[in-house]
Amino acid sequence: LKRDERFARLTDDHVSFFQKAIGDAAVIANLSGSGEGDLEVFNKDWMNKYRGHAQLVIKPGSAEEMSAVLRYCNEHHLAVVPQGGNTGLVGGSIPVFDEIVVSTSRMNKIRSFDEVSGILVVDAGVVLEAADQFLAEKNHIFPLDLGAKGSCQIGGNVSTNAGGLRLLRYGSLHGNVLGIEAVLPDGTIVDDLSTLRKNNTGYDLKQLFIGGEGTIGIITGVSIICPRRPPAVNVAFFGLESYELAQRAFREAKSQLSEILSAFELMDGTSQDIVHAVTQRKRPLESKYPFYCLIETSGSNAEHDSAKLETFLEHVMSQEIVSDGVLAQDETQAKELWKWREGVPECLGHWGGVYKYDVSIPLPELYQLVEDTRARLHEAKLIGDTDEYPALNVVGYGHMGDANLHLNVAVRRYDKAIEKALEPFVYEWIQKRKGSISAEHGLGLAKKAFIGYSKSETMIRLMKDIKRLYDPNGIMNPYKYI
Ligand code: FAD
Ligand code: 2HG
Ligand code: ZN
C-alpha cells in the first residue's frame with residue numbers, strides 16, 4: 001500500500017486553522033510525525049496490530065464544529081479517519097499513513113430520552129456503557145451489549161453496525177436506530193435524526209451510515225429505540241460433549257424459552273482453558289467439556305421465567321443434551337458467568353497476537369471451520385506447544401444464536417507462514433458455504449482484499465458509486481475497504 005499523493009501533507013497553517021476553528025484544547029498536533037507521545041493511543045489499535053502515523057488529532061465538540069473541520073479538510077484534500085472508542089477489530093479506526101484522526105470523544109452528551117416511547121437521542125461520542133447506565137435509571141436498556149462497552153462509543157457502534165451479545169433478542173442496529181445526524185465531507189450536516197418508528201418516505205439513507213465504517217461521512221448524533229429493562233434476568237452455563245449437542249440445546253432453548261431467550265453463546269473447551277490459564281478464576285463447572293454454552297433469559301416475570309428455565313434445564317439434562325450446568329443465583333454470579341464468555345478476546349491476546357475471523361456460517365457447519373483450520377495448521381507444522389511453533393491455539397466461540405462464529409488463532413508472533421496458511425483458505429471455505437467473511441466487525445483494512453468472497457462485482461460497483469457520490473475527493477477513511 002502506497003500513500004496517495006493526491007492528499008495534501010499537513011502544515012502549520014492547517015493546524016492553526018483547526019485551533020482557531022475549534023479551540024487549542026481540542027487539537028493535538030505533532031508535526032514531526034514520530035507518532036509518539038500524546039498521539040500514540042490514537043495511532044494504535046486494541047490488538048496492537050495496526051500502527052498509524054497521524055500527526056494530528058482533532059476533537060470537534062458539536063456537529064457545527066465537525067462541519068467546519070470536514071469542509072476544510074475536503075477543500076484542502078486532507079484525508080481523515082473517524083475514531084470513536086478505538087475498539088474496532090479490523091483496523092478501520094487507525095490511520096494507514098498520515099491521515100488526520102477526527103475523534104468524537106468530546107461529543108458525549110445525552111440529548112434526550114422519552115420515557116413513553118423509549119427513544120434515546122445521543123451524541124455519537126457517548127460511551128455505550130454510560131448510555132446503558134443512564135437508561136438503567138429509567139428502567140430501560142440499550143439494545144446492544146458487547147465486551148468493549150466500557151470504551152466503545154455509540155457512533156462507532158453504529159458505524160460498524162456492531163452485533164454483540166443480545167442481537168438474538170433485540171435485533172440489529174439497522175432496525176433499532178431510528179435516526180442519524182451526520183456530517184458529509186463537504187461540511188453538509190445531514191439532519192436525519194428522526195425519532196419516528198415508521199417513516200416510509202423514499203430511500204432510507206441513514207442505513208448507509210450504519211455499518212459504513214466512516215467511509216462516507218461522520219456520524220455526530222444517533223436516535224435509537226430502547227426496550228424496557230427486563231426485571232428478571234437469568235444466566236445459565238452448560239458443558240456439552242459435542243457441537244451436535246450444542247445445536248440440539250439451541251433448538252430446545254428456542255422452543256422452550258422462546259420469548260425470554262436473550263442470548264445463546266458458544267465457547268469451545270480451548271477458549272475456556274485459555275480464560276482459566278490467564279485469569280486463574282475458579283471454573284464454573286467441575287469437569288472439563290469440549291463445548292460450553294451460555295444462555296441468558298430476560299423477562300418481565302421472575303417466577304414465570306424461573307419456572308420455564310427450570311423445566312428447560314431438567315429437560316436438557318434428562319435427555320443428556322447437556323452434561324452439566326449451573327444457574328446463576330444472583331446478579332454477581334450472572335456477571336461472573338458472563339466473564340467466561342466476554343473475557344475470551346482479551347485472554348486470547350495474552351501470548352502475543354491473534355488472527356481473527358468473524359464469520360457467518362449456516363449453523364450445521366459452524367464449528368467445522370475451527371476443526372478444519374486446526375487440521376490445516378497441524379499439517380503445515382505451524383502449531384504446537386513449544387516456542388518453535390508460531391501458533392498456539394485455534395479457538396472457536398461466538399454468537400451461536402446468530403450463526404456468528406469467532407474463529408481466533410492465537411499466536412506467539414505474527415508470521416507470514418501462518419497468514420499464508422489461513423488466507424485465503426478461511427475465506428474460500430466461507431464462500432463455498434455462502435457465508436459472510438464479516439458478520440459483525442466490518443471490513444476495515446483487515447478484510448479489504450477479501451470483500452469479493454462475500455459480495456458480487458455488481459454490489460462492489462454500486463458501493464463504489466455511492467462512495468464517489470458522498471465523498472468525491474475520497475478523503476473519508478481512505479485505503480480501507482472501499
Ligand atoms: P472505533 O474502533 O473507533 O471505529 C470503528 C470504525 O467506525 C472505524 O472504521 C471508524 O473510522 C468508524 N467510526 C467510528 N466512529 C465513527 C463516527 N462517529 N462516524 C463515522 N465513522 C465512525 N463488535 C461486535 O460487533 N460485537 C461484539 O460482541 C464485539 N465485542 C468486542 C469485544 C472486545 C473486547 C473488543 C475490543 C471489541 C469488540 N467488538 C465487537 C468490536 C468493537 O467494539 C465494535 O466494532 C465497536 O462497535 C466499535 O466502536 P468504537 O467506538 O470503538 O469504534
Ligand atoms: C466477541 O463476541 C467480539 O467477543 C470479539 O465480537 C470477537 O475477538 C473476537 O474475535
Ligand atoms: Zn462478537
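A: Helices (H or I, at least four residues) and strands (E, at least two) are DSSP runs numbered from the N terminus. This is a predicted model, in which local features need pLDDT of at least 70 and side-chain atom pairs count only at pLDDT 80 or more, while totals for chains, interfaces and linings use all residues. Residues are numbered from 1 along each chain as its sequence is written, and chains are lettered from A and ligands numbered from 1 in the order in which they are written.

Around ligand 2 sit L89, G147, V344, P345, K356, D358, G398, H406 and N408; a residue is near a molecule if its C-beta atom, placed from the backbone, lies within 6 Å of it. At least two residues of this shell come from each of α13 (344–348), β14 (353–360) and β16 (404–411). Sorted by class, the shell has 3 nonpolar, 4 polar and 2 charged residues, where Ala, Val, Leu, Ile, Met, Phe, Trp, Tyr, Cys and Pro count as nonpolar, Asp, Glu, Lys and Arg as charged, and the others, Gly among them, as polar.

As for confidence, the mean pLDDT (the predictor's confidence in each residue, from 0 to 100) of the protein chain is 97, and 99% of its residues reach 70 or more. The complex receives an ipTM of 0.99 and a pTM of 0.97 from the predictor.

Now the helix pair: α9 (residues 243–257) packs with α11 (residues 302–318) at an angle of about 150°, their axes 10 Å apart. Axes are lines fitted to C-alpha atoms, for helices over the stretch in contact, and angles run from 0 to 180 degrees between N-to-C directions.
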